[in-house]
Amino acid sequence: MTVTGPGHATVMTGTDPLRHGIVGNSWLDRKTGASVYCVDPKSGTGHLRVPTIGDALVDATRGRARVFSVGGKDRSTMLCAGKKGTAYYYDRPKGQFVRWPAGHAKWKYDAKRTGPSEDALVLDFAEELIQ
């Protein structure tokens, strides 16, 4: 069985779950017994113990590199963006992309009405990213 959270973390850090800390999409905290999700929209990649390749790129360029990840799930985008990147994931119930850190993306697609084509959404979103 594979699990996406640890897989994304392993690929982006080059190390295993024992070292990077993402042992599942969710797990039980042994001390508290509470369920823990691998990422948190408020604190982001707090469970990720080591830098990602994107974090290393930002460091190597003294902050000049722009690292971002776009996807359909919070865990995939946050773990791929790392601690120093920006993640954009689609919040299906709200019908919009959410930016982490710092809240919502500038534009919103209203899923309740007939809207632009998927290609137009991607182009609009790409324009926001390069601004």
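Throughout these legends, buried means under 20% relative accessible area, exposed means over 50%, and partly exposed is anything in between (1.4 Å probe, protein chains only). This is a predicted model, so local features need pLDDT of at least 70 and side-chain atom pairs count only at pLDDT 80 or more, while totals for chains, interfaces and linings use all residues. Residues are numbered from 1 along each chain as its sequence is written, and side-chain values use heavy atoms, with hydrogens and water left out.

View 1. The protein has five helices and five strands, where helices (H or I, at least four residues) and strands (E, at least two) are DSSP runs, numbered from the N terminus. Along the sequence they follow the pattern α-α-β-β-α-β-α-β-β-α. Of the 131 residues, 40% count as buried. Take contacts (heavy atoms within 4.5 Å) between residues at least 6 apart in sequence: 40% of them join residues at least 24 apart. As for pLDDT, the predictor's confidence in each residue from 0 to 100, the protein averages 82, and 76% of the residues score at least 70. Over residues 107-114 the value is below 50, though this stretch has 17 contacts in the model beyond near neighbours in sequence. Where pLDDT is low, the predicted coordinates should not be read in detail.

**View 2. The open sheet β3-β4-β5.** Here three strands line up in the order β3-β4-β5, with mixed pairing; two strands pair if DSSP finds at least two bridges between them. β3 (68-71) and β5 (96-100) are the edge strands, each with a single partner, so one side of each has no neighbour in the sheet. Direction ignored, neighbouring strands are turned by 20° against each other on average. β3 and β4 run parallel and are joined by four bridges; Gly71 has Tyr89 in β4 as its bridge partner. β4 and β5 run antiparallel, with five bridges between them, and Asp91 stands opposite Gln96 in β5.

**View 3. Helix α4 against the sheet.** α4 packs on this sheet and touches β3, β4 and β5, its direction making about 175° with that of β4. Such angles run from 0 to 180 degrees between N-to-C directions, the axes being lines fitted to C-alpha atoms, for helices over the stretch in contact.

**View 4. Arg75 and its surroundings.** Arg75 is found in helix α4 and counts as buried, at 13% relative accessibility. Leaving out residues up to four places away in sequence, Arg75 touches Thr4, Gly5, Asn25, Tyr37, Cys38 and Val39. With Asn25 there is a side chain to side chain polar contact at 3.5 Å. A polar contact is a pair of N or O atoms within 3.5 Å; within protein, one must be able to donate a hydrogen and the other to accept it, and residues adjacent in sequence count only if both atoms are side-chain atoms. Ala9 is 66 residues from Arg75 in sequence, yet 9.4 Å away in space, C-alpha to C-alpha.

**View 5. Two salt bridges.** The rule asks for a side-chain nitrogen of Lys or Arg within 4 Å of a carboxyl oxygen of Asp or Glu, and by that rule there are two. In one, Lys84 meets Asp59, with the closest N and O atoms 2.3 Å apart. This pair links distant parts of the chain, 25 residues apart: Lys84 sits in the loop between α4 (74-81) and β4 (86-91), and Asp59 in helix α3 (residues 53-60). Lys84 is partly exposed at 44%, and so is Asp59 at 47%. In the other, the side chains of Arg19 and Asp16 meet at 2.6 Å, N to O; Asp16 is partly exposed, at 29%.

**View 6. The loop between α3 and β3.** Thr61 has its place in this loop and is buried, with a relative accessible area of 19%. A polar atom of the Thr61 side chain lies 3.0 Å from the backbone oxygen of Leu57, and the side chain also reaches the backbone nitrogen of Ala65 at 2.9 Å. Arg62 lies in this loop too, but is exposed at 72%. Its phi is positive, about 55°, although Arg62 is not a glycine.

View 7. Trp100 and Pro101 are joined by a cis peptide bond, with omega about -5°. Pro101 lies in the loop between β5 and α5 (118-130). Most peptide bonds are trans.
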